[in-house]
Amino acid sequence: MSDALAPFLAATIRTATPLALAALGELLVERAGLINIGIEGAVLSGAFGALAGATAGGVAGGYAGAMAGGLLVGSLFAFCVLVLRADQIITGMALTLLSVGVTGTLYRAWYGASGAALHAPTSAPRAIVGLVSIPLLGEALFRQPLITYFTYLLAPAIAWWLYRTHGGLALRAIGERPDAAASAGVRVGRMQALAVLVGGLLAGLAGGTLVLAQAGTFVENMSAGRGFIALAIVVLGRWRPLGVAFGALLFGAASAMQYAFQAMGWNVPYQIFLAVPYLLTLAALAGAMGRARAPAALGRPT
Amino acid sequence: MSTSPPALALEGISKRFGAVQALRDVSLRVEPGTIHALLGENGAGKTTLMHVAFGLVSSNTGSVYVDSARVEIRSPADAIAIGLGMVHQHFSLVPAMTVAENLALGGHGVLRTREMVDTVRHIADLTGFALDPSARVENLSIGAQQRVEIAKALARQARILILDEPTAVLAPSEAEDLLRWIRRFADAGHAVVLITHKLSEALAVADHVTVLRHGRVVYDDAAARSSVHGLTAAMLGTDALASTEYVRAGGTAGAAVFVAKGVTIRDERGTLRLRDASFVVHEREILGVAGVEGAGQHELLRALAGRAKVDAGVIERPPRVGFVPEDRHRDAVLLDRSLTDNVALRDAARRRGRMPWAAIRAKTQNLMSEFDVRAPSRNVPLRSLSGGNQQKLVVAREMGTGDRAAPARGAHPVAALVVENPTRGLDVRATADVHARLRMARDQGAAIVLYSSDLDEVLALASRMIVLHGGELREMPLDRHAVGRAMLGA
Amino acid sequence: MLLALGGVAAIICAIVLLLLLGGYDVPSALIALWTGSVGTWYAFTSATLVRAIPLMLTGCAVAVAFRAGVFNIGAEGQLLAGGTGAAAIALAFPSAGPVALAIALIAGAAAGAGWAGIAALLRERFGVLEVISTIMLNFVALYAVSFLVRGPLQEPTHAYPQSSSIAETVRLARLPGAGRLHVGILIALAITLGVGWWLRHTAAGFRLQVVGESPTAAASAGLIDVRRTSALAFVASGALAGLAGAIEVLGVTYALYEDLSPGYGYTAIAVALLAGLDPWRVVLTSLLFAALEAGAGAMQRDANVPSTLVAVIEALLIVTVVATQAIRRRRSVGARTDDLELEVTT
């Protein structure tokens with residue numbers, strides 16, 4: 001049993017990492033009162049950016065490209081919603097569609113037809129000396145790529161910023177009562193824009209993780225709804241950073257289940273495992289939304 | 001005349017919003033250690049002027065000086081930085097956050113809990129207000145929230161305090177307490193601008209009075225040299241006193257239209273608002289409702305209009321009750337749709353089959369002429385009408401008679417109407433218009449329930465009066481003092 | 001109007017620009033785009049009009065939902081559900097001919113309505129944002145169909161991931177002299193035009209619009225049951241998308257496939273938005289998008305231009321619509337601001 005546990009945990013964390021990154025980014029956006037469903041497009045753009053960056057400059061270049069891709073989508077969202085005052089949902093949809101189209105088109109144009117497996121340099125898992133020797137958890141938690149360690153640190157860092165600094169207080173106020181924040185001297189538009197940009201950047205990193213730390217290649221529509229799942233994780237985590245991190249783990253575990261099942265020799269149609277994250281999202285949303293308290297100004301027209 | 005420079009001076013301020021000139025070359029000088037009352041009717045420009053000073057609105061012309069130095073105020077942050085503080089009419093607090101957090105908002109760096117709590121205690125000592133740092137604003141009473149609002153301004157070391165209609169939501173004795181505090185604050189050397197439309201208040205407490213009308217300064221003098229008559233003339237632009245004559249009903253009340261028996265109502269969050277109330281409203285009668293904000297009038301009106309349920313008891317009312325809610329944009333109209341579509345809104349739920357557009361268009365035309373709704377045509381989006389005309393259309397629609405879709409009950413054009421702050425945001429003429437319509441409807445047999453946060457408006461129109469306080473409902477005589485005391489539970 | 005024309009011109013420029021950027025042969029690409037879409041009678045009927053049918057119905061579905069304030073992004077999944085339902089009925093009753101055909105169409109609509117109903121229930125009972133739930137259900141539908149065509153519904157030889165072909169008598173007949181165009185076009189036109197009329201001229205249609213425009217005014221001034229109205233709109237939207245799926249199976253593919261829909265449900269969003277959420281205009285925009293996608297296929301075959309370019313164009317179209325709406329709204333803000341400001345000033 002413990003034989004299966006370690007690989008299961010490792011798979012959980014591996015799957016959870018990009019989800020957590022994207023969800024933490026979206027958390028900041030939603031705490032600022034905005035909903036960016038273009039996050040799916042940001043993840044995809046990040047994945048493509050990672051491929052482009054990696055072919056030019058190795059793993060580092062890959063992550064830079066990933067951030068750039070996500071940032072681009074984020075800035076388009078910020079421009080349309082905060083400057084042009086367009087509807088958030090429609091803008092988000094349009095950006096996701098745009099990302100699908102642009103990444104698909106550019107991929108075929110630059111790298112040839114039908115998704116031949118392109119080998120992007122990947123970042124191998126690095127063990128943390130000492131911690132990796134912890135029985136049971138050590139191998140799973142501490143033999144992971146660097147980006148995962150970054151994510152371990154990111155969640156508490158965001159929690160600290162959100163609850164223990166004036167900046168975080170201001171952001172939370174914007175998501176609750178923007179007028180109150182404004183009259184207290186908070187620069188609402190600027191903070192919302194920053195939140196959106198950071199959200200895009202983290203979503204881009206999530207996409208980069210898929211390419212550089214997992215698949216080692218790019219496939220059209222690679223994000224496969226992960227950005228949307230991140231939206232659900234934000235709700236599930238009750239708009240709190242640590243809650244979001246645990247929500248991501250939950251989804252990671254659900255996806256990793258298929259390995260556990262296979263290891264135990266249970267024969268289940270593979271489509272069920274493919275469908276699990278989405279079904280889980282639905283269940284999570286149904287269970288979570290009622291009790292969770294969303295930021296009061298979430299989604300209101302700007 | 002004081003020889004020290006004015007604490008705050010606004011020179012030559014003009015502001016245009018779209019087609020409306022809200023402010024026209026307005027100048028104002030506020031001396032330190034004084035209370036400067038800024039008077040004017042609805043829409044005169046008082047709040048706009050102070051929004052300019054506080055950086056919420058940019059002016060088209062003019063300059064702002066603080067202690068004789070010219071300043072550029074582009075945002076509330078700038079205003080706060082130079083010592084201005086503003087207490088808004090609609091509170092700008094974050095309900096879900098605590099008092100300490102609300103006061104800390106706008107700062108920089110790391111949050112230090114101990115410092116935040118100390119700040120709250122410090123302000124509490126300074127002002128004599130009771131402030132609980134860890135209390136959530138949404139759980140506080142209106143009066144307490146206002147004190148937090150003031151504390152917020154003081155926490156930023158405001159030397160010039162602007163208060164926008166601070167007593168609007170308070171009962172008479174709370175208002176007196178507040179005014180006394182403002183006097184002490186000014187005596188300590190600070191400057192205060194008090195925006196109000198209440199003459200008596202201004203004369204009671206201010207040192208200097210400025211009156212705005214249609215965006216212009218029409219009066220500016222020391223309070224000691226001012227009189228009610230003079231100020232009224234300046235505010236209204238005529239020599240006639242504001243009508244304090246309560247024009248009573250001709251004719252006596254008729255049959256019962258609204259009957260409330262043992263009504264208990266809770267609000268959305270389950271808080272008890274009204275307990276076991278019973279009353280009747282008759283034909284040819286306007287029932288005035290009075291209460292401080294949050295006394296349950298919001299819920300009661302909606303229950304009477306059939307827009308909300310009661311938790312216990314029964315309300316008997318006609319099947320079709322007209323409702324003019326206070327938040328017009330949110331609850332009464334479709335801003336981006338034509339006047340015709342807005343009129344069609346009224347019976348939308350009970351219609352079956354095809355929409356009788358021809359009839360609705362005709363009805364709209366009738367209502368527009370009958371109620372003097374100024375618009376290029378009935379096809380323009382409602383958004384393009386002025387606030388006053390929008391409200392007139394709403395009133396027309398809810399009162400209007402031109403529709404035969406409703407099953408007739410006798411031949412009554414309108415049996416029942418519930419009205420909430422009907423003249424908010426309207427200018428003097430539109431207000432008088434609406435009042436006249438309400439009286440006309442009453443004379444034609446309607447039963448009207450009227451609430452306004454302006455007690456004088458209610459007293460001027462009501463045939464009878466009920467007061468809500470602490471979940472109880474009491475019928476009171478039409479006497480301002482009695483009603484005022486009852487609003488407080490005395 | 002001028003703004004919309006400017007938008008279209010901008011799109012054409014964008015297409016040319018993208019082609020140039022990708023290093024493609026612009027003239028041959030544009031020629032392929034033309035001939036593949038409307039240049040020949042065959043292309044017009046069998047490539048464009050055939051594609052216009054599901055786009056029209058799903059576009060209508062999206063328009064109805066959005067109009068009611070329901071962001072139904074699940075037309076894709078509802079279409080698949082509809083196709084499945086229709087296929088199941090058609091395969092079960094191969095000899096019943098036109099009767100089975102009619103029932104299959106209805107079953108498709110019902111299946112789509114049911115699939116949407118799941119999201120509607122989640123929205124109603126649990127307050128789940130339909131944007132997310134419908135997208136999730138799209139994926140679930142996709143995998144469900146994948147499972148069905150490789151399992152219970154798979155054709156007898158078990159060689160291909162598809163169902164058996166449905167009997168000739170249960171198919172939607174082709175229109176004579178019009179290539180692969182089938183009777184479904186008449187159904188789609190009738191329904192879409194009918195829905196447009198219904199929105200404009202019935203009380204129920206008016207209520208739906210009001211609910212989408214301002215739920216608060218609908219409830220307070222109109223006394224409309226907002227929850228019921230939007231739930232019904234949601235389910236009706238699903239029925240329309242389901243019908244689109246049924247028609248695809250019964251008139252084009254004659255069997256249930258995994259890739260029954262090349263993303264019609266998502267394109268429908270662009271179709272609906274560009275039509276200003278008006279079903280009568282959806283007829284036109286669905287033709288436009290059908291032509292673009294038909295042409296894109298030809299562009300890929302003849303000039304090696306990836307068909308994903310069309311996705312870019314579609315997204316740009318949405319962005320154009322959104323931007324023009326925003327600009328138009330800003331122009332009228334002048335009037336609004338004064339009203340609000342005057343309200344605040346007492």
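This is a predicted model: local features need pLDDT of at least 70, side-chain atom pairs count only at pLDDT 80 or more; totals for chains, interfaces and linings use all residues.
**His158(C)**

I started at His158(C), which is exposed, with 9 other C-beta atoms within 10 Å. My burial scale, with C-beta atoms placed from the backbone: buried means 20 or more other C-beta atoms within 10 Å of a residue's own, exposed means 12 or fewer, and partly exposed is in between. I found His158(C) in the loop between α6 and α7 (184-201) of chain C. For helices I take DSSP runs of H or I of at least four residues, for strands runs of E of at least two, numbered from the N terminus. Its phi is positive, about 55°, although His158(C) is not a glycine.

Residues are numbered from 1 along each chain as its sequence is written, and chains are lettered from A and ligands numbered from 1 in the order in which they are written.

**Asp25(B)**

I looked up another non-glycine with a positive phi: Asp25(B), at about 50°. Asp25(B) sits in strand β2 (residues 20-30) of chain B.

**Strand β16 of chain B**

Next I went to β16 (residues 416-420) of chain B, where 5 of the 5 residues are buried, so the strand is largely enclosed by the rest of the structure. Ala416(B), Val418(B) and Glu420(B) point one way, and Leu417(B) and Val419(B) the other.

Which strands pair with it? I count a pair if DSSP finds at least two bridges between the strands. β15 (residues 322-324) of chain B runs parallel to β16(B), with 3 bridges, and there Gly322(B) is opposite Leu417(B). β17 (residues 447-451) of chain B also runs parallel to β16(B), with 5 bridges. On that side I noted Tyr451(B) as the bridge partner of Glu420(B).

**Domains of chain B**

I read off domain 1 (8-236) and domain 2 (256-487) for chain B; such bounds come from an automatic or database domain assignment. Taken over C-alpha atoms, the centres of these two domains of chain B are 32 Å apart.

**Chain A as a whole**

I counted 11 helices and 2 strands in chain A. From the N terminus the order is α-α-α-β-α-β-α-α-α-α-α-α-α. Its radius of gyration is 19 Å, close to the 19 Å that the globule rule gives for 302 residues, so chain A is as compact as a globular protein of that length. (That radius is taken over C-alpha atoms, and the rule is 2.2 Å times the number of residues to the power 0.38.) Along its principal axes, the C-alpha trace of chain A spans about 60 × 45 × 40 Å. Of its 302 residues, 55% count as buried.

**Where chain A meets its neighbours**

I call two residues in contact if their C-beta atoms, placed from the backbone, lie within 7 Å. With chain C, 36 residues of chain A meet 34 residues of chain C. Which element of chain C gives the most to that side? α13(C) does, with 13 residues. The chain C side divides into 26 nonpolar, 5 polar and 3 charged residues. My classes: Ala, Val, Leu, Ile, Met, Phe, Trp, Tyr, Cys and Pro are nonpolar, Asp, Glu, Lys and Arg charged, and the others, Gly among them, polar.

With chain B, 18 residues of chain A touch 19 residues of chain B. On the chain A side, α6 (166-176) and α7 (178-183) each supply at least two residues. I sorted that side into 9 nonpolar, 4 polar and 5 charged residues.
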